[in-house]
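Dear colleague,

Please find below the structure that I am handing over to you. My notes on it follow directly after.

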Amino acid sequence: MAVKQISAFVENKPGQLAKFTEVLNNHGIDMRALSLAETEDFGIVRIITDDSYKTACVLKDEGYIFSITPVLAVEIPDTPGGLYKVLSVLKEQGINVEYTYAFTARKQDVAYMIFRVTDNDAAAEILRKNGISLLELDDID
């Protein structure tokens with residue numbers, strides 16, 4: 001099943017990322033994963049939080065432009081070739097990976113990664129059939 005990711009536009013100026021995280025902090029929102037990509041004027045902050053609905057409400061109230069995207073959270077063995085196995089399975093089935101990012105796992109010997117793919121349902125089914133574990137939001141703590 002997909003996890004909800006929030007992508008927010010943040011000005012590419014000193015202190016704007018701190019301001020964004022301050023807003024989350026002030027509302028008791030816990031970030032579980034974060035990725036930042038930049039352009040000359042704006043950055044795109046991609047986050048997974050403990051409560052995507054509350055996060056969306058807060059960001060809307062604070063005037064941020066954002067979107068909510070379903071993504072796959074995947075548990076990957078922290079061994080050589082762990083990521084290769086996931087990517088190979090997706091490639092063999094014609095599933096395109098648009099982007100991915102990793103985040104901290106509290107579980108030993110695994111890595112957690114977020115995948116944005118062209119077809120979440122097909123990718124989830126294929127990964128499960130190949131013994132690759134998908135995570136729910138509650139698994140990401």
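**Notes on the structure**

Leaving aside residues up to four places away in sequence, G82 touches I76 and P77, where contact means heavy atoms within 4.5 Å. G82 belongs to helix α3 (residues 82-92); helices here are DSSP runs of H or I with at least four residues, strands are runs of E with at least two, and both are numbered from the N terminus. With a relative accessibility of 7%, G82 counts as buried. The terms are buried for under 20% relative accessible area, exposed for over 50%, and partly exposed in between (1.4 Å probe, protein chains only). From C-alpha to C-alpha, G82 and D30 are 28 Å apart in space, and 52 residues separate them in sequence.

As to its source, this is a predicted model, in which local features need pLDDT of at least 70 and side-chain atom pairs count only at pLDDT 80 or more, while totals for chains, interfaces and linings use all residues. Residues are numbered from 1 along each chain as its sequence is written, and side-chain values use heavy atoms, with hydrogens and water left out.

**Helix α1**

The buried residues of α1 are F20, V23 and L24. These lie on the same side of α1, because they cover an arc of only 95° around the axis (the arc of the directions from the helix axis to the C-beta atoms). A18, N25 and N26, on the other side of α1, are exposed. The cover over the buried residues of α1 includes β1, β2 (31-38), β3 (42-49) and α2 (52-61). Just after α1, G28 has a positive phi of about 65°.

**Residue N120**

N120 is part of helix α4 (residues 120-129) and counts as buried at 13% relative accessibility. Its side chain reaches the backbone oxygen of P70 at 3.0 Å. Apart from residues up to four places away in sequence, N120 touches A2, P70, V71 and L72.

**Lining of the largest pocket**

The residues lining the largest pocket include F9, V10, E11, Q16 and K19. The elements that give two or more residues to this lining are β1 (3-11) and α1 (16-26), and β1 gives the most, with three residues. A pocket is defined on a 1 Å grid over the protein atoms alone, as an open set of points where a 1.4 Å probe fits, with protein on both sides within 12 Å along at least five of seven lines; lining residues have an atom within 4 Å of a point.

Yours sincerely

Note on methods. A polar contact is a pair of N or O atoms within 3.5 Å; within protein, one must be able to donate a hydrogen and the other to accept it, and residues adjacent in sequence count only if both atoms are side-chain atoms.
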